[in-house]
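Hi everyone, thanks for coming. Let me put the structure up on the screen, and then I'll walk you through it.

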Amino acid sequence: MQHLDHDRLVFLALGESEADDGEARHLDACAHCRAEVDGLRHVAGLGAGTQGLGDLPDPPEHVWQGIVAEVAAAEALPSLGDRRAAGPPETAPTPANGAARPGGAGGRRRRLPRWAVTAVTAAAAAAVGVVGTFAVLSGSADEPRPPERVVLASGALTAYGTTPRDANGDARVFTDNQLHLHVANLPAVPGYYEVWLIDPATMRMFSVGVLNSGTGDALLPLPPNVDLRTYSVLDVSAEQYDNKPAHSGDSLLRGTLTG
Amino acid sequence: MTAGVTVGHAPRKANRPVTAVQQEPEPPPQDDLAERFRAGDEAALRQAYDRYGRAVLHLATSTLANRSDAEDVTQATFVAAWLGRDTFDPSRGSLIGWLLGIGRRKVVDRLRASARENRVVETVRQLPDPAPTGPDPDTVVDRLVVADELARLPDDQRRMLELAFYDDLTHQQIATVTGVPLGTVKSHIRRGMASLKRRWEVDGAAPGPRPAGLPGAR
């Protein structure tokens, strides 16, 4: 069967003319041409709705300030991708922009640009959050800690099941049995996020705690006698306030901790 | 804010009469912003925001009733995009398409959350169903994607399509208005439409080409 001319399909889709009898018969019979016309017609409808989209108003300045503050807060935390404890200090001074390669060895952590630091200082509310988190992670004055904690185990967390693929995270366990989690882009849930450690051989598990946000960092204590070689899978689930303390079965992120 | 050529501020989009194009914007649309963004170049975050912040905010404001929710969603979209930039694959779609996809999910999450809140309130107060708010997020995303592609088309194609879309002119009328031969008008429009459709199939809200009979709207 000979398909209709593409010119003709565009013509029909834009309502330039009616299909003649032969064309109408063809469109009735030919799913390919019909789909093409429908698609073109839909796109023409979208096109007609684009008027004015070239002159949209700027977002208010505080939106940008908020982005900078949140990004700075997230990146100020020690990145989990770094594994600084392992290996020699490969973090030679990073060359400026031009040389940065996608997926380069330096990992995603980078020095904060000056604008970020300034903006954080300016954005008071957010800055309080940053300082607070920092204090937790670096140890407060009355509880001195070595500046670099030793990482016992770590792993990347990836979207599980039907979770949107941009959800991700990183986990690491320090020798003082603190679990540092960084998560990003978890989908909103009606209840809350709960963190689990799972033994993949038996699927036995226990709950480590909850996260207070779908993007951000958390520091959770682990039992001092936990065997991370057994409970090696870290899982973040969506839980409901349903009087059921067990895992909901709705895992959002998972990853394996390795030492 | 710096100028760029895309949705949000395509400064050269002709307003109606197809007169001289206003200032040509500096950066070409096909530059390396997407790659630099993915590579973690902080300047690229600002540039992406300058180019696409308006489009993301538009998506949020036209679908969410509450202005501050819309600004929150815009902020959260760029933060999530930056922190999750490793997951952006430029070979699978454009940066604006990816950003709008993140924004769309956040809008949908908000809409669901407020629907739940409304249900709670209704149960308590026996309120009638609130009228549904703005347009469907998928349609807004699709329009923004098409508008972005329209802004990238060669001038002639864009002008002809704008006359057809906005002024509802026939091809013959466009030929008369512009003084361009009818055959040339048709070929510009055909090529322009093909580009818009291809772009919509790549970057539209529903991934991939749509099956026949389901033109986008859900």
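Predicted model: local features only at pLDDT ≥ 70, side-chain atom pairs only at ≥ 80, totals over all residues.

Residues are numbered from 1 along each chain as its sequence is written, and chains are lettered from A and ligands numbered from 1 in the order in which they are written.

So, chain A. Its secondary structure comes to six helices and eight strands. Here helices (H or I, at least four residues) and strands (E, at least two) are DSSP runs, numbered from the N terminus. Reading from the N terminus, the order is α-α-α-α-α-α-β-β-β-β-β-β-β-β. Of its 259 residues, 33% count as buried, meaning that 20 or more other C-beta atoms, placed from the backbone, lie within 10 Å of the residue's own.

Now, how many residues of each chain are in contact? On chain A there are 52, and they touch 60 of chain B; contact means C-beta atoms, placed from the backbone, within 7 Å. On chain A's side, α1 (6-13), α3 (31-48) and α4 (61-76) each supply at least two residues, and α3(A) gives the most, with 13.

Let's follow α3(A) across to chain B. It packs with α8(B), residues 182-203, at an angle of about 95°, the axes being 10 Å apart. Axes are lines fitted to C-alpha atoms, for helices over the stretch in contact, and angles run from 0 to 180 degrees between N-to-C directions. The two helices are therefore roughly perpendicular, a label that covers 65 to 115 degrees. From α3(A), the residues A:G39, A:L40, A:V43, A:L46 and A:G47 meet B:M193, B:L196, B:K197 and B:W200 of α8(B).

Last stop: α6(B), residues 155-166, which has 12 residues. Is this helix mostly covered or mostly open? Mostly covered: nine of its 12 residues are buried, among them B:M160, B:L161 and B:F165. The cover includes α3 of chain A, along with α5 (137-152), α7 (171-178) and α8 of chain B. After α6(B) comes B:D168, with a positive phi near 60°.

That's my tour, and I'm happy to take questions!

Definitions and conventions. Contact = placed C-beta atoms within 7 Å. Parallel < 35°, antiparallel > 145°, perpendicular 65-115°, else oblique. Expected span 1.5 Å × (residues − 1).
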